[in-house]
Each structure stands twice: as C-alpha cells, then as structure tokens.
Amino acid sequence: MPLDLDLTGRTVLVTGGARGVGLGITRAFLDAGATVVTCSRSAVDPVPGTAGHRTCDVREPAAVTALVDGIVADHGRLDVLVSNAGGSPYAPAADASPTFHAKVVELNLLAPLLLSQAANAVMQLQEHGGAVVMVSSISATRPSPGTAAYGAAKAGLDSLVSSLAVEWAPKVRLNS
C-alpha cells in the first residue's frame, strides 16, 4: 500500500543521503514534497530534486553547527533530521586498534548526538517542533562479530533516542 504523505513546505536533512539507504530515504522525502538537503564527508553531485548537497564531517561539532545554521539560513527552518550517516568496516575486535573503535563509536553514536542537539535547538523554537530519526541496526540487538564496536554504538543509539524522546518532548519527536 503506498504511503500518501504531504510534506510540502517542510525542510529535511538526510545525512549520508546521496547513496545507499540514505538515497532511498532522500527519494521518499522528495516524493512526499519536502525540501531535502543531503550531506556527506566528501563532495558529491546533489541528488536531482534536492535543495543541494553539503560537505560535512558529522563528527565535528563546528561543522555540524555550520551545517544546521546554513540550512536554517537558506530555508528558514529544519523540520526533520534523518541521521543516517554511519557504518563500519569489518575488523575483529581483538585485532582492531583503540583508535579504530573510538572512530566507529564517534561516527555511529556521538555524531548522531551532535546532529540531534543542533537540530533540537532549532526545532524547539519552531511552532510545530520537529522530528529526529536515527538510523539504527539489527546489530544493536544481536551479536555482531567483526563489527562489535558498531553494534555497541547502535545499541547506545537506541538508548539515546529513548532518553532524548522523553527529554525533548513534546516539541521534538525522536525514533530509531
């Protein structure tokens, strides 16, 4: 059954929204009439129909602030954040360096927190608030050999979403 949703006039940020799962999310929001901005660490061509693509390392607080501030400056609002950027290469936990594990947790748990904080600051001031969707993984609830830090980060992400949903309600809704 097709989903009939009208998001005309709404502004959406999809991190990692130019390829893979993020591209599918971007297209769904475009189909619903939203103004969509995507971002990634590297420069890529904007997805046709989007309001543009921005380069942003979502692990960097100043870059995240500039990203959200730029979207609000250009579009006057931010209604939905989809925190999709993430992932991890395969690496057995016993062999991976502490730096590797830290980077995986930073990308998959701390970056979504940074993004959510920046989005929440805008959404709390908007009449209709906003929504934050954090893309989790089945690895959060089942063994994740070769990607243990990733699975742990996604489990933390699910807990983070539950806490922020209570803390930021009713203006900002959160889901993973």
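## Helix 4: buried residues

In helix 4, the buried residues are Ala149, Tyr150, Gly151, Ala153, Lys154, Leu157, Leu160, Val161, Leu164 and Trp168. The model described here is predicted. Helix 4 covers residues 148–168. What do the buried residues of helix 4 pack against? Their partners are helix 3, strand 5 (130–134) and strand 6 (172–175).

The length of helix 4 can be checked. Its 21 residues, at 1.5 Å a residue, should span 30 Å, and the C-alpha atoms at its ends are 30 Å apart, so the two values agree.

## Helix 3 against helix 4

The axes of helix 3 and helix 4 come within 8 Å and cross at roughly 15°. Angles under 35 degrees count as roughly parallel, and helix 3 and helix 4 are therefore roughly parallel to each other. Their crossing is right-handed.

Which residues make this contact? From helix 3 they are His101, Val104, Val105, Asn108, Leu109, Pro112, Leu113, Ser116, Gln117 and Asn120. From helix 4 they are Ala149, Tyr150, Ala153, Lys154, Gly156, Leu157, Leu160, Leu164 and Trp168.

Helix 2 has 15 residues, residues 61–75, and at 1.5 Å a residue it should span 21 Å; its end C-alpha atoms are 21 Å apart, which agrees.

Val64, Leu67, Val68, Gly70 and Ile71 of helix 2 are buried. These residues lie on the same side of helix 2, because they cover an arc of only 155° around the axis. An α-helix has 3.6 residues a turn, so residues three or four places apart point the same way. Ala62 and Ala73, on the other side of helix 2, are exposed.

What covers the buried residues of helix 2? The cover includes strand 1 (11–15), strand 2 (35–40), strand 3 (53–55) and helix 3 (98–123). Just after helix 2 comes Gly76, which takes a positive phi of about 80°.

## Helix 2 against helix 3

Helix 3 also packs with helix 2, at an angle of about 35° and with the two axes 9 Å apart. The crossing of helix 2 and helix 3 is right-handed.

On the helix 2 side, the residues that meet helix 3 are Pro61, Val64, Leu67, Val68 and Val72. Their partners in helix 3 are Leu114, Leu115, Ala118 and Val122. Val64, Leu67 and Val68 were listed above among the buried residues of helix 2.

Technical notes:
Residues numbered from 1 in each chain as written. Predicted model: local features only at pLDDT ≥ 70, side-chain atom pairs only at ≥ 80, totals over all residues. Heavy atoms only, no water. Helix = DSSP H or I, 4+ residues; strand = E, 2+ residues; numbered from the N terminus. Expected span 1.5 Å × (residues − 1). Buried < 20%, exposed > 50% of the residue type's maximum accessible area, 1.4 Å probe, protein only. Arc of directions from axis to C-beta. Contact = heavy atoms within 4.5 Å. Axes fitted to C-alpha atoms, helices over the stretch in contact; angles between N-to-C directions. Parallel < 35°, antiparallel > 145°, perpendicular 65-115°, else oblique. Left-handed = near helix turned anticlockwise from the far one by under 90°.
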